[in-house]
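Visitor: I have a model open and would like to talk it through. Can you take my questions as they come?

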Amino acid sequence: MSLVQSLTNLAASLENCQGCELAQGRRHLVFGRGSPRARLMLIGEGPGADEDRLGQPFVGRAGQLLDKILAAAELPGDDTYICNVVKCRPPDNRLPNAAEVEACKPHLREQIRLIRPQLIVCLGALASQVLIGPQARITRDRGRWLQKGRMLIMPTFHPAALLRDESKKRPVWEDMQAVRDQYQALLRQEAGEPAGKTWPPTD
């Protein structure tokens, strides 16, 4: 079975998911968007109202800002995959609770397993704690790389936080520049060229 078909089948298997209470209020399951062979994966928290209405992640104001940041950092959309920890919208755009996260975690793990990204950016504290561990703290750990197996993981602020607090824009821009550097080093490594000092990271 092809990778694209495997992801399609996984998404289809979740359409009638009743694994947690979020299923009762959803309009659409929000699975993910982007390349199924992406080197870079960005993972947020949960869908908002626009995402629930359209069935696509990061299509509201925060998503539009994220797309602008990725474009400005010269991170190609055709080598990026974007999704959330939970696939259904929490009421009033609240954070998913522990039971909801646990119910959806196997589906996120399967997405990661199928896509096999080499770089993951965790957007916000919740995604960071799910991907890195409960000890992760976004203000302390943002911008730092963590290696897990063949993957490099970096936490940064969720784009919605930038809409509330413009002082977070510069740190996120610095983080995305670091992501760009790692991405370009990865491409050099794959091409058999010297990757430079940024791959793998030493901090």
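Guide: What follows goes through the sheet, the helices and a few single residues.

Visitor: What kind of model is it, and what are the ground rules?
Guide: It is a predicted model: local features need pLDDT of at least 70, side-chain atom pairs count only at pLDDT 80 or more, and totals for chains, interfaces and linings use all residues. Residues are numbered from 1 along each chain as its sequence is written, and side-chain values use heavy atoms, with hydrogens and water left out.

Visitor: In what order do the strands of the sheet come?
Guide: The order is E1-E3-E2-E4-E6-E5, an open sheet of six strands with mixed pairing. Strand E1 (33-34) and strand E5 (146-148) are at the edges with a single partner strand each, so one side of each has no neighbour in the sheet. Strands (E, at least two residues) and helices (H or I, at least four) are DSSP runs, numbered from the N terminus. Two strands pair if DSSP finds at least two bridges between them.

Visitor: How many bridges join E2 to E3, and how many join E2 to E4?
Guide: E2 and E3 run parallel and are joined by five bridges, with Gly-44 opposite Asn-84 in E3. E2 and E4 also run parallel, joined by four bridges; there Leu-42 stands opposite Val-121 in E4.

Visitor: And E4 with E6?
Guide: Strand E4 (residues 119-123) pairs with strand E6 (residues 151-156) in the parallel sense, over five bridges. Cys-122 has Pro-155 as its bridge partner in E6.

Visitor: Is E2 buried or exposed?
Guide: Five of the five residues of E2 are buried, where buried means under 20% relative accessible area, exposed over 50% and partly exposed in between (1.4 Å probe, protein chains only). Leu-40, Leu-42 and Gly-44 are on one side, Met-41 and Ile-43 on the other, and both faces are covered.

Visitor: Which helix lies across E2?
Guide: Helix H3 (residues 61-72) lies across E1, strand E2 (40-44), strand E3 (80-84) and E4, and runs at about 155 degrees to E3. Axes are lines fitted to C-alpha atoms, for helices over the stretch in contact, and angles run from 0 to 180 degrees between N-to-C directions.

Visitor: Switching to H1. Which of its residues are buried?
Guide: In helix H1 (residues 3-13) they are Leu-3, Ser-6, Leu-7, Leu-10 and Ala-11. Down the axis of H1 these buried residues fall within an arc of 135 degrees, so they line one face of the helix. The arc is that of the directions from the helix axis to the C-beta atoms. Helix H4 (98-115) is included in what covers them.

Visitor: Where do Asp-92 and Asn-93 lie?
Guide: Asp-92 is in the loop between E3 and H4, and Asn-93 is found in the loop between E3 and H4. Asp-92 has a positive phi near 60 degrees without being a glycine, and Asn-93 has a positive phi of about 60 degrees, again not a glycine. Asp-92 counts as exposed at 74% relative accessibility, while Asn-93 counts as partly exposed at 46%.

Visitor: What is His-158 in contact with?
Guide: Leaving aside neighbours within four places in sequence, His-158 is in contact with Gly-44, Glu-45, Phe-58, Ala-62, Leu-123 and Gly-124. Contact means heavy atoms within 4.5 Å. His-158 lies in the loop between E6 and helix H7 (159-164) and counts as buried, at 12% relative accessibility.
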